Amino acid sequence: MNFGIFLGELNSPKPPQHDLTRAVRLSFKKKLRMQNHTEQLDALRAEIQALDAELLALLNRRAALSLRIGRIKKEAGLAVRLPEREQAQLERLCAQNRAFACLPDKDLTAIYKAVLDSSCGLQEALGREKDK
């Protein structure tokens, strides 16, 4: 029997159990990091949900104001869509947006075009009510 190999294994700085312990320790650290990431993601997602609720309330408040404007336009016989006013609104919003530097102007424009289309749709529906 070769005792040198046996003794060498005993004097080895990394016995086989050490590799397993290290692997378990690394796995545990990874799980902790994942839990930390999961907790961070959960917290950030909760914050986004709160902001979404605020945005929803603000969009509905805006829609209610748009309906009031639509009624005034209807009574005065004014056009619902004013392309130059819409363009001025988009330019103003993009200028304000640059102070934040997160949302690209093209995305902001797409979002607000949808908001403006919705507002005009609500106002146009008021005009159709008259026809019924």
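Helices are taken here as DSSP runs of at least four residues, numbered from the N terminus. On this basis, Gln-89 belongs to helix α3, which covers residues 83-97. The model under discussion is a predicted one.

In the protein chain as a whole, the secondary structure consists of 4 helices and 0 strands. Read from the N terminus, the order of elements is accordingly α-α-α-α. The chain contains 132 residues, of which 14% are classed as buried. Its accessible surface amounts to about 11000 Å², with carbon and sulfur atoms contributing 61% of that area. Among contacts in the chain with a separation of 6 or more, 60% join residues 24 or more positions apart.

Helix α3 was examined in terms of its length and its burial pattern. The buried residues of α3 are Glu-86, Gln-89, Leu-90, Leu-93, Cys-94 and Asn-97. Viewed down the helix axis, these buried residues fall within an arc of 130°, and they therefore line one face of α3. Such an arrangement can be read against the geometry of the α-helix: with 3.6 residues a turn, residues three or four places apart point the same way. The face of α3 turned away from the buried side carries the exposed residues Glu-84 and Arg-85.

Within the buried set, Gln-89 has a relative accessibility of 14%; this value is under the 20% cut-off, so the residue counts as buried. When residues up to four places away in sequence are set aside, Gln-89 touches Arg-62 and Leu-116.

Two or more lining residues are supplied by each of α2 (16-76), α3 and α4 (105-131). Helix α2 provides the largest share of the lining, namely 9 residues.

Beyond its neighbours within four places in sequence, Gln-123 is in contact with Ser-66, Ile-69, Gly-70, Lys-73 and Val-80. Gly-121 also lies in α4. Its relative accessible area is 29%, and Gly-121 is therefore classed as partly exposed, the category that extends between the 20% and 50% limits. Although Gly-121 and Arg-81 are separated by 40 residues in sequence, their C-alpha atoms are 9.6 Å apart in space.

Conventions
Residues numbered from 1 in each chain as written. Predicted model: local features only at pLDDT ≥ 70, side-chain atom pairs only at ≥ 80, totals over all residues. Heavy atoms only, no water. Buried < 20%, exposed > 50% of the residue type's maximum accessible area, 1.4 Å probe, protein only. Contact = heavy atoms within 4.5 Å. Areas by Shrake-Rupley, 256 points an atom, 1.4 Å probe, with all protein chains shown as cover. Arc of directions from axis to C-beta.
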